[in-house]
Amino acid sequence: MLGNFSYYNPTKLYFGDNAQKHLGEELKNYGAKVLLTYGSGSIKTNGIFDEVMSVLRAAGKEVIELPGVMPNPTTDKLYEGVKLARENNVDLILAVGGGSTIDYAKAVSVSVWYDGDPWEKYYLRQEDPDSNLRIIPIGSVLTMVGTGSEMNGGSVITNHETKLKIGKIFGENVMPRFSILNPRYTFSVPLRQMVAGFFDIMSHIMEQYFSGEDDNTSDYLAEGLMRSLIHSSRIAVKNPQDYEVRSNIMWTSTWALNTLIGKGKSQDWMVHMIGQAIGAYTDATHGMTLSGVSIAYYRHILPYGLRKFARFATAVWDISAADKTDEQLANEGVEALLEWMKQIGVATEISSLGVTEDMLEGIADSTFIMNGGFKVLTREDVLSVLRESL
Ligand code: NZQ
Ligand code: ZN
């Protein structure tokens, strides 16, 4: 049964080849000063920077550049961006990049005119922006798919000093006002990053799927998205320039985490909690931290959600149920997931991400425990999943 919920998503999307042409229309809605934030420079080599700059210039904007947003953006970088945005009194933050850059833009947007420490308020204490706070609107031009940050309120920041990587879900007033989704912009993403993004998408869907055994529309939507992703990803790893599959994956990615498929049901998110703790210790690529622990995690919780795992096997992987127990089917589903992970080439062990035995206790301590999945994990459960994943 679907639980009660409200659903509103204010982000306007422009999707498709040449979608960036619509950027000019959107820019008319904001003042003259645009803070243009981006990563380590891939947009300068693939031509996206020039295209975006030409639209900004044509719109008569004064551009303040804020480059150097690293994968897994840090508190130090946040403070730097806040200072620059405040000094220049910017009207809009335009994030050009992947999840890190867009997450970062959200963090800056709610911190520019906040006088306290944003890390403590929004991330450690999980508070929302004060109602009278001036929030700088953000827009995004997406260059790498996976996180769904282009159409959600998520913002994940890492504090290396305290070894904590924490996500905050901001509300509608912080979500991107608009996002430009041109699948062609993702063609230059290196293969390893591309597949990490694919696994991130799969993980977002599974985190919302593996919980509850009731009948609800959200789970059917999730199954459709997983089937589409599995199909397209197998083609994309062989031919990354295939527009059809890259466009389908881009769209799947957005819907995997714009909160629709989690509506009206409980959600798990423990793979992400463990993955984030690994990220805080290793700075490893987000999608790989998830793939590294997923198989051990799902084997661990499978006995508590047998019916759902059996359904996963038949509905997502087309495994025949004939003459099989739920347990057999459930195990075959997880094996099919592992097989697909090997096909696309994501990490299946966390040792390959730099995790060593001596880090496991600390990672377990940094893991936030959620309670919406099939089993509420103890610290011992987390440790056992980590040991199995090494
Ligand atoms: O630094 P640049 O030059 O931009 O290079 C990036 C970066 O090195 C590169 N890249 C991106 N687009 C490219 C490209 N290289 C060539 N051509 C392009 N078109 O890819 C690398 C990774 O980029 P990043 O933005 O870090 O990747 P991703 O989109 O996976 O974002 C990861 C961050 O998002 C958080 C993660 O924890 C992590 O910090 N998440 C955000 C979520 C949300 N907002 O809801 C949910 C997710 O579960 C996740 O936690
Ligand atoms: Zn994720």
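Student: How many Å separate the centres of domain 1 and domain 2?

Tutor: This is a predicted model, in which local features need pLDDT of at least 70, side-chain atom pairs count only at pLDDT 80 or more, and totals for chains, interfaces and linings use all residues. Residues are numbered from 1 along each chain as its sequence is written, while chains are lettered from A and ligands numbered from 1 in the order in which they are written. The assignment, whose bounds come from an automatic or database source, gives domain 1 (12-186) and domain 2 (191-389). Taken over C-alpha atoms, the separation of their centres is 27 Å.

Student: Which strand gives the largest share of the side of domain 1 that touches domain 2?

Tutor: Contact here requires C-beta atoms, placed from the backbone, within 7 Å; by that rule 20 residues of domain 1 meet 28 residues of domain 2. Strands are DSSP runs (E, at least two residues) and helices likewise (H or I, at least four), numbered from the N terminus. With three residues, the largest share comes from strand β7 (residues 164-169).

Student: Why does ligand 1 lie between the two domains?

Tutor: A residue belongs to the shell if its C-beta atom, placed from the backbone, lies within 6 Å of the ligand. There are 35 residues around ligand 1, and the closest are Gly39, Ser42, Gly98, Gly99 and Gly154. Ligand 1 lies between the domains because residues of its shell come from both domain 1 (12-186) and domain 2 (191-389).

Student: Which element gives the most to the shell around ligand 1?

Tutor: Two or more residues each come from α5 (99-109), β6 (154-159), α7 (191-209) and α11 (286-301). The greatest contribution, four residues, is that of α5.

Student: Which strands stand at the edges of the six-stranded open sheet?

Tutor: The sheet has the order β1-β8-β5-β4-β2-β3 with parallel pairing, where two strands pair if DSSP finds at least two bridges between them. Each edge strand has a single partner strand, so one of its sides is left without a neighbour in the sheet. The edge strands are β1 (12-15) and β3 (62-66).

Student: Which residue of β8 stands opposite Leu13?

Tutor: Strand β8 (residues 178-181) runs parallel to β1, and four bridges join them. The residue opposite Leu13 is Ser179.

Student: At about how many degrees does α5 run to β4?

Tutor: Axes are lines fitted to C-alpha atoms, for helices over the stretch in contact, and angles run from 0 to 180 degrees between N-to-C directions. Helix α5 lies across β2 (33-38), β4 (92-97) and β5 (138-142), and its angle to β4 is about 165 degrees.

Note on methods:
Two residues are in contact if their C-beta atoms, placed from the backbone, lie within 7 Å.
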